Amino acid sequence: MGTNFSKSATFVTCEAAAVPPPPPPLLPPGTNLQAPPPPPPPPGAAVDAATTTNATDVTASGGGGKQNEREDSASSNTIANTTQNTESSSSSSIPNPGPYEAATIACKRLTNIDTHSGFKCDIQKQLSPYMVAIHSFHLGTSLPDGRNKAYMFITQVADEEGLFMTNVDPEKKTVNGRVHRSLLGGLAMGKVQCSVSPDGSNDQLLGELDFGGMTWTGNFKYGSMGGGPIVGMNYYQSVTRRLAMGGEGMYIAANGNMLSSYTVKYECDAPSDPSVAASATGGSGSGSGNDLEEKPSSWFCAQLHPAQGMLNLNYKRVVTPRRVALAAELQMAPTLESQVVFGAEFQLSRSKFAMTVDGSGKIQSQLESALGMAMGSPKLNFSADVDFAKDAMTFGYGLNIGG
């Protein structure tokens, strides 16, 4: 067919903004649920301490003796054991990097706000501890497909082994589905996505297999899209506790495109008020790559797409844990046309405010507030877009009701 594809394949997912998954989501295979233990003191410190102690003993005893020799031998054994423990602790403290597709989600969540115009209402009902049913209504003037109203029925069934999701649009007569199941006792995760429409123009079927180890993750995908097969795979490796690198390749037979991307991600602590850092880490002052969201930190990620000649740079800064976060995204193309977006998010006790500003002067903002203190209380949200270049303004509000 004459279908054109962008620089990366995008698949329809059946997600709803107001769907809290009933059970905790499955972690990537090999993810360590416990924070790695703090590393022991460096060997150099033990050497200095042992040397100082031995020198003092020699001075006091007048030049040495068998007791000092035994103490020197014990100090040497202690240093050797400390060095061995340090090396083993360093290798075990490298975290799992997570899925390759999720490498930039932490930044894009702040630079791509889900704003809308008109009225949007999501009503969810918890039918059982494992099943949720959702009715989604949208009344507006700027729907992507040109309609001014839409209704979708979404259901999700999840347990410890995976989940099943279905999205049905009665007006367009389309059905989207997704199945995730744990395989080989949790060593791998199988995924199947499908989309069916009356005319068959948007039909697709994609199967994926996620696998990994303690410090790496991989993915293999095969399916049909646009009238031809699609094959792809990716690999993501944690090099150190802060640095992760990976790449992805994909072949789309419908138009003969071969797409690839390479990612480098680096995380580090950020300078901040010592009282803020101490309160965020519980006063310990130590942490690992898995708890950077719980203390002031910085986050860098670069992605290169050679086929399109695109370079994307992402940055996120946690200013105050669970309160203030900032982000920036820069996209550079071979035609010297660049796009920059800045985002910020502020979380309060019962409300959240997010906004973005791009290089063209377009401002997007969203305010969400809970209408009660109890868990599952209804949430009211307001969103607005202001485009000064086009002299256009849109406004929307929504209501999320959970059962």
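Me: Leaving aside neighbours within four places in sequence, which residues is D169 in contact with?
Reply: This is a predicted model, where local features need pLDDT of at least 70, side-chain atom pairs count only at pLDDT 80 or more, and totals for chains, interfaces and linings use all residues. Residues are numbered from 1 along each chain as its sequence is written, and side-chain values use heavy atoms, with hydrogens and water left out. Contact means heavy atoms within 4.5 Å. With neighbours within four places in sequence set aside, D169 is in contact with R147, Y151, M152 and T174.

Me: Is D169 buried or exposed?
Reply: D169 is in strand β4 (residues 162-169); strands are DSSP runs of E, at least two residues, numbered from the N terminus. Buried means under 20% relative accessible area, exposed over 50%, and partly exposed in between (1.4 Å probe, protein chains only). At 5% relative accessibility, D169 counts as buried.

Me: Where is N255, and which backbone nitrogen does the side chain of N255 reach?
Reply: N255 is in the loop between β10 (243-252) and β11 (257-269). Its relative accessibility is 28%, so N255 counts as partly exposed. G228 is 27 residues away from N255 in sequence, and their C-alpha atoms are 8.4 Å apart in space. At 3.2 Å, the side chain of N255 reaches the backbone nitrogen of N257.

Me: What is the relative accessible area of V231?
Reply: V231 is found in strand β9, whose residues are 228-238. V231 is partly exposed, because its relative accessible area is 33%.

Conventions: Helices (H or I, at least four residues) and strands (E, at least two) are DSSP runs, numbered from the N terminus. A polar contact is a pair of N or O atoms within 3.5 Å; within protein, one must be able to donate a hydrogen and the other to accept it, and residues adjacent in sequence count only if both atoms are side-chain atoms.
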